[in-house]
Amino acid sequence: MPPRIWVPNQRAASKLSSHRAEALSLYREILRTAKHFHWCDEDGIPWNQRLRQQARQEFEASKEETDPLILARLLVTGRDCVDKIHQKFNEADRACYDRIKRDSDER
């Protein structure tokens, strides 16, 4: 077995790069999800535009964070929120499909 060369902070750097890749993946997923919000808020601003701006602000605010625990918590919370949104959209889509199916069967 060849000798291993110990490089200080190699693990920390790889963890940060994996957090960076995960954050980028999450950001892209948020942008893809935001495209599905077509309606406007009370001020007449489309929700997809507002969600993109808020996501950008959140990611910019946590850009300089280096604590792996805080980064992991932010990523898990963000991923959980996106998953809940997907679940709600799927439930609403299924309810619409069921309603259309029920109404067409009654005719």
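For the classification of lining residues used here, Ala, Val, Leu, Ile, Met, Phe, Trp, Tyr, Cys and Pro count as nonpolar, Asp, Glu, Lys and Arg as charged, and the others, Gly among them, as polar. By that scheme, the lining of the largest pocket divides into 17 nonpolar, 7 polar and 7 charged residues. The structure is a predicted model, in which local features need pLDDT of at least 70 and side-chain atom pairs count only at pLDDT 80 or more, while totals for chains, interfaces and linings use all residues. Residues are numbered from 1 along each chain as its sequence is written, and side-chain values use heavy atoms, with hydrogens and water left out.

**Overall architecture**

- The protein chain contains 3 helices and 0 strands; helices (H or I, at least four residues) and strands (E, at least two) are DSSP runs numbered from the N terminus.
- Read from the N terminus, the order of elements is α-α-α.
- Of the 107 residues in the protein chain, 15% count as buried; buried means under 20% relative accessible area, exposed over 50%, and partly exposed in between, with a 1.4 Å probe and protein chains only.

**Largest pocket**

- The largest pocket holds about 1,000 Å³ of space, a volume being the space filled by probe spheres set on grid points that are joined across faces, edges and corners.
- On a 1 Å grid over the protein atoms alone, a pocket is an open set of points where a 1.4 Å probe fits, with protein on both sides within 12 Å along at least five of seven lines, and lining residues have an atom within 4 Å of a point.
- The lining comprises 31 residues, of which Ala 23, Tyr 27, Glu 58, Phe 59 and Ser 62 lie nearest the centre of the pocket.
- H1, H2 and H3 each supply at least two residues of this lining, and the largest share, 10 residues, comes from H1.

**Aromatic contacts**

- Tyr 27 and Phe 59 form an edge-to-face pair, because their ring centres are 5.0 Å apart and their planes stand at 70 degrees.
- Tyr 27 belongs to helix H1 (residues 10-34) and Phe 59 to helix H2 (residues 47-61), so this pair ties together parts that are 32 residues apart in sequence.
- Tyr 27 is buried at 18% relative accessible area, whereas Phe 59 is partly exposed at 24%.
- Phe 37 and Phe 89 are also edge-to-face, because their ring centres lie 5.2 Å apart with the planes at 85 degrees.
- This second pair links distant parts of the chain, with Phe 37 in the loop between H1 and H2 and Phe 89 in helix H3 (residues 68-106), 52 residues apart.
- Phe 37 is buried, with a relative accessible area of 14%, while Phe 89 is partly exposed at 29%.
- Together with Trp 39, Phe 37 and Phe 89 form one aromatic cluster.

**Arg 50 and its partners**

- The charged end of Arg 50 sits over the ring of Trp 47, 5.4 Å from the ring centre; this requires NZ of Lys or CZ of Arg within 6 Å of the ring centre and within 35 degrees of the ring normal.
- Arg 50 also meets Asp 41 in a salt bridge (2.4 Å, N to O), defined as a side-chain nitrogen of Lys or Arg within 4 Å of a carboxyl oxygen of Asp or Glu.
- Arg 50 is partly exposed, at 25% relative accessible area, and Asp 41 is buried, at 9%.

**Salt bridges within helices**

- A search of the whole structure finds 7 salt bridges.
- One of them joins the side chains of Glu 29 and Arg 32 (2.8 Å, N to O); these residues are 3 apart in helix H1 and therefore separated by about one helical turn.
- Glu 29 is buried at 17% relative accessible area, and Arg 32 is partly exposed at 45%.
- Arg 94 forms a salt bridge with Asp 98, the closest N and O atoms being 3.5 Å apart; the two lie 4 residues apart in helix H3, so about one helical turn separates them.
- Arg 94 is partly exposed at 49% relative accessible area, as is Asp 98 at 35%.

**Asp 83 and Glu 29**

- Asp 83 is found in helix H3 and is partly exposed, with a relative accessible area of 41%.
- Asp 83 and Glu 29 are 54 residues apart in sequence and 9.9 Å apart in space, C-alpha to C-alpha.

Terms used
Rings of Phe, Tyr and Trp (its six-membered ring) pair if their centres lie within 6.5 Å; planes under 30 degrees apart count as stacked, over 60 as edge-to-face and the rest as tilted.
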